[in-house]
Amino acid sequence: MEADRVRPVYEPRPVQVAVDRHGAPRRVAFGVRSPGRASPAVPVARINDRWRVDDLWWRETPVSRMYWLVELADGRLEILFQDLLTGHWFRQPYPPPEDGDDDPDEPADG
Amino acid sequence: MPTPRQSRRNPLHSPTAACFAPRWVGCVWFPQLPLDLELQRHPELRDRPVVLVGRLAEKGIERVLGVSAVAAATGTGIAVGTPAHAVASCCPGAAALPYDTPYYGKAFEALLLRLEAVTPLREPDGFEAIYLDLAGLPHLDPEDPWQVQEALQPHLPPGTDWRLGIATGRFTSWCAAHMAKPGVPLFVPEAEKAAFLDGLPTFLLPTDARTLDQLHLLGLRTLGHLARLPRQAVLAQLGWPGERLHRLASGEDHEPLQPYAPKPVIRETFQFSEPVETVAEFEAMLGALLRQLWDRPDRERGGVRQLLLHARLEEGGTWSHTVTLRRAHEQWVGAFAELRRRLEGVRPAGGLLELSVEVTSVARVLDCQPALIETETEYREALLGHAIEHLRARLHRTAVYRLAHIRPRSPLPEQRWKLIAYDPFMSRARSRSR
């Protein structure tokens, strides 16, 4: 059986985040450019939104996240979240819901 | 009833005399193999009452198919055949496990293969018994039951209740195994065969429940009662099946063993990295598994007529479903379209950890003629399919995906969508079954 028949999409990617005293992100470093050399951190210009997600509480590994929609100093919009169980930060770019996306009875067919 | 006999050399046991020697048959009888296997799988249930529940027919209700010794000792009246819904009220502490036919089948097949070290000719009988041809074996004296038992012991699963009976003929060995005590083999010498069979109950005869009822109504409680009747009278009353029963009851048991030959298992399995709960993922995997099955070079040519689907569930149980297709399918697309329809309402509930599909029946002759001229759509799909296959072969991975909504309402974006390998044939099958 080929392992690549089903692939995840919009997987969270770890990032380095410096927070202020309220826990809000102030600077974000995206990944590592070369071994031993982290990419420079980008300051957060503005926080546009934030929301909390608690899910899968019935499983052994529940999910608890605080999402932040931030505007960076270079003008980019990024969606970041902090895993409230481990404290680690991630970025998770994904498109906003479109009309008709919420129809659970009809899975998209390509 | 004869007692187990001590070792005695067989005077006929020599290469020249082997062909004149009686056909000694050993019967290994497992009174409750499925339950023994379940208790090995769940050792924590050993002290609890355990019952196995399942369906005898596809559309029948679930019934108890096995009762553990602890459950039988509770005196609550649970027996084989009790409706499964009555278990909870009769015996509230009982653990009801699903009758896992594929699991028992695998264990039984492995056992049959291991017994090849004892004798090359073995015949299985359900999950209940294995007949062994003990004649002419250079390393084994069939008239020494303890030696046979010692030879069998290392190949049988430990902790399993099994009995050994040895006699000339399959039916007599079956009866001997039923009369044997655990760990004490029962040997029936040829001279004592008739006397041994005489007092045994008629329910040991290999026949259906209706005939057994008929024998009971005629007052024939033992094999001796039946054997003492004139054969012509039994033939007139019960027909040729009755004549066979009369022969068996009289000890005239010359039916040869049907040698076991392992069938190639055409099965494809996929293990999920995380529990799968949605119909879209289930169907995507089902389609991929069917395609793999149809591509197998060891699959018999012809159309697939029956499939066994088996899943391991997140909660710890299993789900099995056998689907006999309405016609033999030569293409996996048609089978997929029919399966999608047939599985409506019987799909496994809860998260799936593993899904496997096995071909259990193949029709060599197709009952429909494939179309000679393909339509424009089919032609385009075939072209697209070949192009995708070409890309896959060149890149050594799936190259074209479709974005599928898996859990549209999940608040976690990575669970809302998944990329599923795009397959134009599967898209056609999906649209065909709608």
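User: Which residues form one aromatic cluster in chain B?
Analyst: One aromatic cluster is made up of B:F30, B:Y99, B:Y103, B:Y104, B:F108 and B:F127. Rings of Phe, Tyr and Trp (its six-membered ring) pair if their centres lie within 6.5 Å; planes under 30 degrees apart count as stacked, over 60 as edge-to-face and the rest as tilted. The model is predicted, so local features need pLDDT of at least 70 and side-chain atom pairs count only at pLDDT 80 or more, while totals for chains, interfaces and linings use all residues. Residues are numbered from 1 along each chain as its sequence is written, chains are lettered from A and ligands numbered from 1 in the order in which they are written, and side-chain values use heavy atoms, with hydrogens and water left out.

User: How many aromatic pairs are there over all chains?
Analyst: The count comes to 14 aromatic pairs over all chains. In one of them, B:Y103 and B:Y104 are edge-to-face because their ring centres are 6.1 Å apart and their planes stand at 70°.

User: And is B:Y104 buried or exposed?
Analyst: B:Y104 counts as buried, at 0% relative accessibility, whereas B:Y103 is partly exposed at 29%. Buried means under 20% relative accessible area, exposed over 50%, and partly exposed in between (1.4 Å probe, protein chains only).

User: What about B:F108 and B:F127?
Analyst: Their ring centres are 5.8 Å apart and their planes are at 65°, so this pair is also edge-to-face. B:F108 belongs to helix α4 (residues 101-114) of chain B and B:F127 to the loop between β5 (122-125) and β6 (129-133), so the contact ties together parts 19 residues apart in sequence. Helices (H or I, at least four residues) and strands (E, at least two) are DSSP runs, numbered from the N terminus.

User: Which residue lies over the face of B:Y103?
Analyst: B:R41 does, at 3.8 Å from the ring centre. A charge sits over a ring if NZ of Lys or CZ of Arg is within 6 Å of the ring centre and within 35 degrees of the ring normal.

User: What salt bridge does B:R41 form?
Analyst: B:R41 bridges to B:E38, with the closest N and O atoms 2.9 Å apart. A salt bridge is a side-chain nitrogen of Lys or Arg within 4 Å of a carboxyl oxygen of Asp or Glu. Both residues lie in helix α1 (residues 33-41) of chain B, 3 residues apart.

User: Now between chains: what does A:R65 meet?
Analyst: The side chain of A:R65 meets that of B:E414 in a salt bridge (2.6 Å, N to O). The pair crosses from strand β7 (residues 63-72) of chain A to helix α14 (residues 413-416) of chain B. Both A:R65 and B:E414 are buried.
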